[in-house]
Amino acid sequence: MTYDVAIIGAGVIGSALFRELGKYRLSTALIEKENDVALGCSRANSAIVHAGYDPPTGTLMARFNVEGNRMYPQLCAELSVPFRQNGSLIVALTDDELPQLQRLYENGIRNGVEGLEVVDADAVRLLEPNLKESIRGALVAPTGGIVGSYEFTTALAENGVVNGGKVLLNSEVVKIDKLDKDGVLLEDKKRDGYFRITFKNGSSVDARFIVNAAGIYSDVVQQFIGKKRFSVKPRKGEYYILDKRQGNLVDRTIFMCPSKLGKGVLISPTVHGNLLVGPDAQDGDDKEDFSTTKQGLDFVRNMSKLLSDKVDFGDAIRNFAGLRSLPDGKDFIIERDPDVAGLVNLAGIKSPGLTSAPAIALYAVQLLADCGLELNDNPDFNPNREEIRFSSLSDEEKLELVAKNPLYGRVICRCEEVTEGEIVDAIRRPLGARTLDAVKRRCRPGSGRCQGGFCGPRVLEILSRELGVERESIQKDKDGSYILLGNTKESRN
Ligand SMILES: Cc1cc2nc3c(=O)[nH]c(=O)nc-3n(C[C@H](O)[C@H](O)[C@H](O)COP(=O)(O)OP(=O)(O)OC[C@H]3O[C@@H](n4cnc5c(N)ncnc54)[C@H](O)[C@@H]3O)c2cc1C
């Protein structure tokens with residue numbers, strides 16, 4: 001079949017567009033090289049819904065940051081995604097930084113950010129008593145928020161499936177051709193025709209329009225079909241996640257004044273009640289290097305001490321690294337490709353890409369319409385997605401649920417109080433989990449203090465039972481990450 005639209009890349013950008021296209025009568029494919037959505041940039045980031053005071057006025061980043069921020073509360077409510085508008089505080093560490101607060105304030109006002117206020121050192125101490133006494137003042141941005149970033153991406157993609165879209169996982173695009181209506185290869189890509197998208201395993205799908213949302217590989221994907229227009233480089237950032245004992249150290253997200261390397265090291269509560277500290281910023285060339293390093297983590301720890309000396313890193317439960325997609329220009333690349341009719345690039349979407357995603361998706365629909373895509377409303381569009389989080393229910397609700405389904409009475413992950421009912425649901429839902437980490441990203445077993453030491457084997461049993469496959473074929477994360485090793489080769493082949 002020929003899809004109307006093929007989106008390459010199931011990060012937050014591709015998934016937000018996929019969901020948006022569900023509002024129309026279209027056939028849409030969301031194509032992803034990995035075995036789940038949200039395994040690129042959208043898995044490992046600070047998960048902050050930025051207010052929008054820092055992107056330079058007039059840029060796409062400024063516009064979509066502020067528009068996207070405004071869309072989050074409703075979108076997360078519709079999709080049952082954890083979100084809290086906890087506000088942000090950008091602090092001046094020295095008197096020299098105080099004028100920068102004023103500049104950020106003015107920039108934010110120009111960008112349309114609401115509620116900004118510059119406050120003095122005494123006010124900072126009242127707002128956040130655990131910050132360093134030496135902090136000189138702050139910009140308060142009450143519209144800043146925190147979100148479950150991979151829950152958000154997964155929920156967007158799942159809602160797209162419910163509304164008729166198709167997700168093609170394990171489908172790495174390696175070649176794109178443009179053909180005319182008779183199936184003859186077109187040299188001139190500006191001419192009308194359709195695309196043939198070929199995957200690493202040799203199979204292919206056809207589509208009338210393509211959206212390149214391949215994140216850090218968006219430069220590679222663009223060059224499969226177009227003339228080189230941009231390049232995207234990785235910039236790594238490393239983090240600490242701390243136990244929930246540290247989760248109330250600050251209420252807002254605490255930022256330093258931004259520098260040319262980005263927003264600096266932050267301290268923030270997470271939507272799940274942990275404390276997040278990081279990231280650093282290391283430029284490199286390896287688009288797959290998610291390793292953490294002593295040097296990076298030492299830097300994060302030392303920098304965080306400028307904000308607060310009360311973070312107890314003895315409570316660290318996990319480190320991770322994310323890779324920013326840095327385009328060679330200064331802004332997001334959001335365009336109809338001038339050399340390829342029917343190709344839209346949503347490329348080099350660095351921070352604040354998570355925040356901007358819902359607004360970029362709206363704009364991308366418009367770009368597709370400008371390319372010639374007909375938009376007829378889908379009267380059956382369902383914006384909502386429901387999900388039970390057992391730990392957040394009242395005692396009465398818990399009892400009622402367990403009476404209806406005893407699987408909710410069996411706690412599998414003690415740290416996060418995740419029940420078997422939630423794990424089974426995560427597997428059986430549309431776009432269900434197929435690996436241990438996919439379950440973890442959907443309902444959190446293994447995200448707590450023991451990091452899966454106790455619940456991991458039980459989640460593996462449940463996955464094996466629900467999917468009707470041998471335990472040996474269950475993977476932890478990306479393809480190849482088998483957990484049970486031994487005489488298992490035959491069973492995998
Ligand atoms: C350290 C860090 C901190 C950040 N903090 C924030 C923050 O707090 N707030 C904020 O708003 N933004 C933040 N960001 C930015 C935000 O995470 C990104 O802008 C956003 O996730 C980009 O999403 P994406 O969909 O463009 O890319 P991705 O999530 O990387 O998605 C691209 C997808 O394309 C797939 N793909 C690539 N090549 C192919 C191919 N050939 N075939 C098929 N699939 C392919 C990849 O596997 C991937 O899943 C941060 C980023 C980092 C790294």
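## Domains, ligand shell and helix packing

The centres of domain 1 and domain 2, taken over C-alpha atoms, are separated by 32 Å. The model is a predicted one. Its protein is divided into domain 1 (2-42 + 150-230 + 330-371), domain 2 (83-144 + 233-327) and domain 3 (390-492). Between domain 1 and domain 2 there is direct contact, made by 12 residues of domain 1 and 10 residues of domain 2. On the side of domain 1 that touches domain 2, seven residues are nonpolar, four are polar and one is charged.

The ligand provides a further link between these two domains. Domain 1 and domain 2 both give residues to the shell around the ligand, so the ligand lies between them. Of the 40 residues around the ligand, those that come nearest are Gly-9, Gly-11, Gly-40, Gly-215 and Gly-353. Two or more residues of the shell are given by each of α1 (12-21), β18 (316-327) and α8 (353-371). By class, the shell around the ligand holds 20 nonpolar, 14 polar and six charged residues.

Two helix pairs are described next. For packed helices in general, the description rests on the angle between the axes and the distance between the axes.

| Helix pair | Angle between axes | Distance between axes | Crossing |
|---|---|---|---|
| α1 and α8 | about 40° | 8 Å | right-handed |
| α10 and α11 | roughly 110° | within 10 Å | right-handed |

Helices α1 and α8, which both contribute to the ligand shell, pack at an angle of about 40° and are therefore oblique to each other. From α1, the residues Val-12, Ile-13, Ala-16, Leu-17, Glu-20 and Leu-21 take part in the contact; their partners in α8 include Gly-353, Leu-354, Ala-357, Pro-358 and Ile-360. The contact of α1 with α8 comprises 13 nonpolar residues, one polar and one charged.

In α10, Glu-422, Ile-423, Ala-426 and Ile-427 meet Val-439, Arg-442 and Cys-443 of α11. Five nonpolar and two charged residues make up the contact of α10 with α11, with no polar residues.

Technical notes. Residues numbered from 1 in each chain as written. Predicted model: local features only at pLDDT ≥ 70, side-chain atom pairs only at ≥ 80, totals over all residues. Axes fitted to C-alpha atoms, helices over the stretch in contact; angles between N-to-C directions. Helix = DSSP H or I, 4+ residues; strand = E, 2+ residues; numbered from the N terminus. Left-handed = near helix turned anticlockwise from the far one by under 90°. Contact = placed C-beta atoms within 7 Å. Nonpolar A, V, L, I, M, F, W, Y, C, P; charged D, E, K, R; others polar. Near = placed C-beta within 6 Å. Domains from an automatic or database assignment. Parallel < 35°, antiparallel > 145°, perpendicular 65-115°, else oblique.
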